[in-house]
Amino acid sequence: MTSRDATPTSDFIRSKVAQDRKANKNAGRVVTRFPPEPNGYLHIGHAKSICLNFGIAAQNGGTCHLRFDDTNPTKEEQHYVQAIKQDVRWLGFDWGDHEYYASDYFDRLHGYTLELIKKGNAFVCELSAEQIRQYRGTLTKPGRESPYRNRPVQENLDLFERMRAGEFEDGSHVLRAKIDMASPNLNLRDPVMYRILKASHHRTGSMWCIYPMYDFAHGQSDSIEGITHSLCTLEFEDHRPLYDWYLDKLSIHHPQQIEFARLNLSYTVLSKRKLLELVQRGDVSGWDDPRMPTLAGLRRRGYTPQSIRNFCNRIGITKYNSTTDIALLEHCVREDLNRRATRVMGVLRPLRVVIDNYPQNQVEELDAVNNPEDPGMGSRKVPFSRVLFIERDDFRQQPPRKFFRLAPGREVRLRYAYLIRCVGVVKHEETGEVIELHCTYDPETRGGSPPDGRKVKATLHWVSADHALEAEVRLFDRLFIKENPSDVKNDEDLASALNPDSLETLTSCRVEPSLAGASPGSRFQFERQGYFCVDADSSVRKLVFNRTVSLRDTWARIEQRQTLTAAGKQKHSPNG
RNA sequence: UGGGGAUUGGUGUAACGGUAGCACGGCUGACUCUGGAUCAGUUAGUCUGAGUUCGAAUCUCAGAUCCCCAGCCA
């Protein structure tokens, strides 16, 4: 974290923490934890939790642990552990030597379990999964007690030991807490504590064949680590009575669980299951596809860690299930990148321009400012010559109203260079497509300022044809067309909500020569267009850029409005 | 028809019995060698109905709507 991070506004959790410190609860200590399950990549929703947990620890002189919640060997992989650590670090947080694994506590959890069995608080149940479901009752009807519920302690101890020793098959036995089959809270209807899973665990290998369930593992892990505030999402609210029950029966350090609303973002999905689905179905190139809301994807896209932290600090923490506008995230990157990104010129869709009156073999090196927001970033030289490329969008044969850019007869400025006037248009014989422009330049306007003080309404970016580097540029749009893609009946519908145009690859772009050798991950502003980041696929031979986010585009909005009103007029005047 | 939560402009949030504020978005305008940035202005809100009170987003009651829970997932 840096001092430029926006301070998060206080929220109900921070208030509670402050209150606890004031009351000297836990001797004034604050210990939080971020507990990912290593079964997928971290996404922007996790960033919210990471910023919350690490942020609260930092604000209170406490510590935040990174704990992998690895109690289900069938879903978890070491690969994800590495990815998660990299992402948390990248986001800007440091857990020091507080790196823990629920699997490190398997022994102690086993010990706690023996204790609960001895106290008559747990029993080995031989009902099948299906039977357990039936015995559980429904939301409105109480459940029935398992016929195995009242086994003697000794028998439970013996059976549990045999479960641990691998004598039974998966699913044949489970250990259950003995609570209340009539509880209106289904989590309290004798929940399963341990199940048999003869699977290899990414850390403990074949040491265990019984694994604790989340509810039994999580609170006890929190307790072992001396966590004071255990922050989780809303859906665990119903689990809190169970969280408390285990801790109370065991009479061990009792952290406070507090629930907050998970992040929802418009036009995207934030569910590891759904993201995995996109990856597996090949809708995206991987967890780090720049269109993914994963931290790996955002990183590749060019988002800065600071912009994500700022975003997290601005969205607030509440218990209300809201959906944040993706525009806020985009605002946060623009804000950050505007301050730090080097400006360069790059032409995405080149249109050839010949300056008729410019000397044939002349090349001038013109001064260009690297970042108007930060004079300390200095300036660079950009070569100018007789043949240039400008952006296709910057020329119109018949300029619409409010279009200030180049058109036949019009004069505009080439950034840092000269004022030029369009004197000729070359079109393709058959298609009529504009293939080249002829212009004249005013030698008196070198650097871009006319000595007579005359104004031009537009300044265009450009590159010198002979000096420009070829580049590939990938333009990204939102992955989904639906504002809430999760609002579908099934998974096929999720696929149908995908935006078919979320990726556009431009292969014949031209960028200024200063970009030669730009290394993957470096970020630039292509003037007038947006922020771009060098992709991992980039090489010295072929530069590849990802567009992080476009610049605010006032003209695009005006043009869109014009088309809309034009269409509206047509539609509404059938007789006119 | 059980239990647990929630509800403030378009969106996200603040206000903790005393002037409903901030941010994003939208819209104006100024400025500008990026139609960027910046600056200024503007837009728009307390779920409903009763009650308590000098005074209610806040307290009470009734209702409405939304979210979560019937994994040997987390």
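Residues are numbered from 1 along each chain as its sequence is written, while chains are lettered from A and ligands numbered from 1 in the order in which they are written. Because the model is predicted, local features need pLDDT of at least 70 and side-chain atom pairs count only at pLDDT 80 or more, whereas totals for chains, interfaces and linings use all residues, and side-chain values use heavy atoms, with hydrogens and water left out.

**View 1. The protein surface around RNA strand B.** A residue is near the strand if one of its heavy atoms lies within 4 Å of it, and of the 65 residues around RNA strand B, those that come nearest are Arg343, Arg405, Arg413, Gly447 and Gln525. Of the atoms of RNA strand B that come within 4 Å of the protein, 65% belong to sugar and phosphate.

**View 2. Individual atom pairs between the protein and RNA strand B.** Asn72 places a polar side-chain atom 3.2 Å from a sugar or linking oxygen of RNA strand B. The elements that give two or more residues to this surface are α5 (129-135), β6 (192-196), α11 (305-315), α12 (326-340) and α14 (554-572), and α14 supplies the largest share, five residues. Helices (H or I, at least four residues) and strands (E, at least two) are DSSP runs, numbered from the N terminus.

View 3. All five of the five residues of strand β24 (residues 530-534) are buried, so the strand is largely enclosed by the rest of the structure; buried means under 20% relative accessible area, exposed over 50%, and partly exposed in between (1.4 Å probe, protein chains only). Two strands pair if DSSP finds at least two bridges between them, and β24 pairs in the antiparallel sense with strand β23 (residues 523-526) over four bridges and with strand β25 (residues 543-550) over five bridges. Cys533 in β24 stands opposite Arg523, and Cys533 also stands opposite Asn546 in β25. The hairpin of β23 and β24 has three residues between the strands, and Arg528 in this hairpin takes a positive phi near 70°.

**View 4. The open sheet that ends in β19 and β20.** Seven strands form this open sheet with mixed pairing, in the order β19-β16-β17-β18-β12-β15-β20. Its edge strands, β19 (459-460) and β20 (462-464), each pair on one side only. Strand β16 (residues 411-414) and β19 run parallel and are joined by two bridges, with Leu414 opposite Leu460 in β19.

View 5. His173 lies in the loop between α6 (153-164) and β5 (174-177), and His173 is buried, with a relative accessible area of 8%. Contact means heavy atoms within 4.5 Å, and, not counting residues up to four places away in sequence, His173 touches Val124, Cys125, Glu126, Met163, Phe168 and Ile196. Met163 and His173 are ten residues apart in sequence and 7.3 Å apart in space, C-alpha to C-alpha. The side chains of His173 and Ser172 are joined by a polar contact of 2.9 Å, a polar contact being a pair of N or O atoms within 3.5 Å; within protein, one must be able to donate a hydrogen and the other to accept it, and residues adjacent in sequence count only if both atoms are side-chain atoms.

**View 6. His229 in strand β8.** His229 lies in strand β8 (residues 229-233) and is buried, with a relative accessible area of 2%. Not counting residues up to four places away in sequence, His229 touches Val17, Asp20, Val30, Val31, Thr32, Gln256 and Ile258.
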